[in-house]
Amino acid sequence: MNRFSQKQKKRLFRIYSYIQSLFSNGNIKYRKTEKFLLILSAVIAVSIIVAIHLDGKITSAASSSRYITSWIGNSFGGGDKWVQIQVSGMYVAPDGTIYTNSLWDEAGREVGIYRNGDVIGKAEDLHGWGRNGGVAITADKKYIYVAMKQSAIDEKKDGFPPKGTDWYCVRRYDLNGKPAPFANGKGWDKSMLVVSNNSEVNGLATVGSELFVSDSAANKVRVYDADTMQELRSFNLAKPGNIAVDKTGNLWIIQDNQVVSYSKQGKQLPGVISGLDKPSAVAIDNRGRLLIVENGLSQQVLVYDINNKPKQIDKFGEKGGIYAGIPGEVKDFKFYGISGVGSDSWGNIYVSNDGFERSGVDLRKFSASGKLQSQLLGLQFLDNADVDPQTNGLDVYTKNERFVMDYSKPPGKEANYKGYTLNAFKYPQDPRLHIPSDAPFVRHIQGKTFLYLTDMYGGKLQIYRFNKQTDGEIAIPSGMFIGTNPEGKQAIGGDFPPFQPTSGEWIWRDRNGNGAFDQDEYEKSEDYPYIGGWWVDSKGDIWKTLRTQDGVGIRHFPLQGLDKNGNPIYSYSKMKKIGHPKIFGDLRRIEYFPETDTMYLSGYTPDNPAINSDYAKLIGSEIARYDNWSQGNRTPKWRIVLPVDKSAPPEVLNPAAMSIAGDYIFAVTVKKAEVYVYDAKTGRQVRILKPGPEVFGETGWVDIPYGVRAFQRKNGEYLVFVEEDAKAKVIMYRFNG
């Protein structure tokens, strides 16, 4: 009691005395139970003590149920504001309004509108009903012109192409993002101009009242009246791309690895700029200079004087982009996957980074003098996060990024984007460039950090190592596990990875340290093809569950050490087949903790079989805990029957993912993304985490098998990460245990 003030002590004494007086009023019934009641009153008093803050204010004893909803990976929390997951094309208006286009955004911001580091709006009706965005966009004083695709739908309806046909269009919008129809327009609302049935529109620009459109399938630049949208003329140009218009009204057009110039009447002008390194975008700044994006090794914006013969006079951004200096270190002038460039009437420069394989949006605005003014991020899609346990949660990894956390900051502001871990040039065979990857495990093995990634359906496990001296922030491809193809074919269809076995399953290890899949680096085997889950324990051992009916559904791959290049060594020859408890007829997830010899398993049981579905992503209907696992115990300490979300479609009624940390077990549902929290000692449910007002109470579906990941920090605080791909972020719940 010494840590309480005299005022607090007096309040506690009054509470205790009042409770005691209730049972000391001379009633013989109370007297007979006096000892019990005194104990009871003491317990109540102690409970109240726990609920009293040092400032003397009394709060609910259920305060432990309180939590904060935060997020990482996006500049905004949701509602009407979020940064889209990709930017494939960008136009900047003279007033600094940014218009972006992309093929897809999970929440429907295929076309985003931004200004001064804020979200202004989006173009409507580009999501669903066979519609997608595109790679080109422009605007004038009246309209936004959006490259987009309209596909056929199953039912025949007016305004849709016939089955088997696609319309590659320019769709017209007003400046608020509302469709702006026109006479003879296509689409259900007559706002679409069909340019091609064969390939997407690659470039858009306006000159006065005329709209210029790159039709690469026809090898033409088409010219339309911007008001009537009627075609006026066209001129021939092989594979035209992105278009910029200079102050005299002439066009500068990307054509393969060069930029060519044409008058608006279609006459080719002198001044071809050739020998460019994968040009991806062009623009004109307020001084009439031509800006050309090189999206190859240089990752820069080239600046040209085009008053006479084009002459390069400057560069913007560090040569080598994100891989300059410390590879992967995020800095203001280190660009990566540049998809757009623009300038406003004040000379501010805008650069859109789309990463590699569209790995996330990083949209930056610079002043005319080169100072970073704003940075908008939309980095996470089909992703989750995990902490580096060696730094007590101060470092957080997603599949492509590293964040440094400051937990004193308000929700949504804790994460500082520090590292981009993908090097598309040095490691072009990185699986992240070729197959869907998600949901990291971060582990420390023999003092070294490793990143393990799974995929959307849980059939693969990728391994990455780090070498800060040679590769900075980059995660170097190190190893990979793949399951057996049930059709007897090669495990991964197509050309990636090279030299893979033609059937069965395999382990790949980067024996020569070059980060590439070489012929002599595979170990082949064959096993039951249907995988329930993966786990990497704290020692670096890999565990795999199979949904087999033979009762032997656990595979344990003990770590055999690190090779000379620092790769973890696993082998089928050392693999252990382990029988799983009979209560599971369909075994799904597994998490083993060697420190306590505790095993957690999930799956479907005869008591609670799958309902209406055999959906591979789900964790099943029950979780069970087994103590003394390595000693052969197969009697569960408890069994949790997981919730059924009756509001969800039949195939996703059960939870999608689970995670164990500290004293709790976490299981997240698919549709509502509610995190059910259970006491790890008793299996009793203690709370439910739902998206709070910090993220407008909303979330997308949990669409990956490892969509929840939890960690307990040394101060007792829990961090619970949940996939939220609707609005390009990862939700992070924070609470004290």
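Me: Before we start, what counts as a strand here?
Reply: A strand is a DSSP run of E with at least two residues, numbered from the N terminus. This is a predicted model: local features need pLDDT of at least 70, side-chain atom pairs count only at pLDDT 80 or more, and totals for chains, interfaces and linings use all residues. Residues are numbered from 1 along each chain as its sequence is written, and side-chain values use heavy atoms, with hydrogens and water left out.

Me: Where is Arg-131 found?
Reply: In strand 6, residues 131-132.

Me: Is Arg-131 buried or exposed?
Reply: Buried, at 3% relative accessible area. Buried means under 20%, exposed over 50%, partly exposed in between, with a 1.4 Å probe and protein chains only.

Me: Which side chain makes a polar contact with Arg-131?
Reply: That of Asp-125, at 2.9 Å. A polar contact is a pair of N or O atoms within 3.5 Å; within protein, one must be able to donate a hydrogen and the other to accept it, and residues adjacent in sequence count only if both atoms are side-chain atoms.

Me: New topic. Why is strand 20 largely enclosed?
Reply: Five of the five residues, 290-294, are buried, so the rest of the structure largely encloses strand 20.

Me: Which residues point which way?
Reply: Leu-290, Ile-292 and Glu-294 point one way, Leu-291 and Val-293 the other.

Me: How many bridges join strand 20 to strand 21?
Reply: Five, and the two run antiparallel. Strands pair if DSSP finds at least two bridges between them. Leu-290 has Tyr-304 as its bridge partner in strand 21.

Me: And what stands opposite Ile-292?
Reply: Val-282.

Technical notes
Helices (H or I, at least four residues) and strands (E, at least two) are DSSP runs, numbered from the N terminus.
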